[in-house]
Amino acid sequence: MEDVIFIDSNIWCYYFNKSSWEHKDVCLAVDQILSTGEIAINSVVVMEVAHYLFRQKPLQAEVLLDTFLSYPFHFFELDIKTVHHAIQILHQYSSFGIGGRDATIIASMEIFQIKYLMTNDNAFQHVKSIEVINPVQNR
């Protein structure tokens, strides 16, 4: 999956929150990928985005989630193979700030041979198997 970009939940949260200062930068990047590229997510990312939207945008959450889930994703389930791999990654990278949910992203990416991750989380910079794309401009 050479041209696929995995998009972290923080990017989706900025994308759907027009009041965040990151929104404009993220929209430019995500809209470009939606029109020209391929996007991957896993079930953990979906749940993180849903949690964020229900807390931050309760009146719009269902509509925004329907929009989100209508995008043409490569969607990866959190199966037992991925969980085992994520546990190994967590053990290896937890001292660099990689948590359990982050480890599921890395595991999904490694299992399905995805190289690129769009995120605003600097902890992923320590993971040698992926290349981080951060669309958020420092202000």
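**Stop one: V26**

Select V26: it is buried, with a relative accessible area of 0% (buried means under 20%, using a 1.4 Å probe and protein chains only). Before you go on, note that this is a predicted model, where local features need pLDDT of at least 70, side-chain atom pairs count only at pLDDT 80 or more, and totals for chains, interfaces and linings use all residues. Residues are numbered from 1 along each chain as its sequence is written, and side-chain values use heavy atoms, with hydrogens and water left out.

V26 sits in helix α2, residues 23-36 (helices are DSSP runs of H or I, at least four residues, numbered from the N terminus). Now show what V26 touches: leaving aside residues up to four places away in sequence, you get I11, Y14, Y15, P135 and V136 (contact means heavy atoms within 4.5 Å). Then pick E38, 12 residues from V26 in sequence and 16 Å away in space, C-alpha to C-alpha.

**Stop two: α1 against α3**

Color α1 (residues 9-16) and α3 (residues 43-56): their axes come within 9 Å and cross at roughly 35°. Those axes are lines fitted to C-alpha atoms over the stretch in contact, with angles running from 0 to 180 degrees between N-to-C directions.

Which residues of α1 meet α3? Show S9, W12, C13 and F16, which meet V45, E48, V49, Y52 and L53 in α3.

**Stop three: F6**

Finish with F6, whose contacts, not counting residues up to four places away in sequence, include A40, V45, F76, I105 and M109.

How values were computed
Helix = DSSP H or I, 4+ residues; strand = E, 2+ residues; numbered from the N terminus. Buried < 20%, exposed > 50% of the residue type's maximum accessible area, 1.4 Å probe, protein only.
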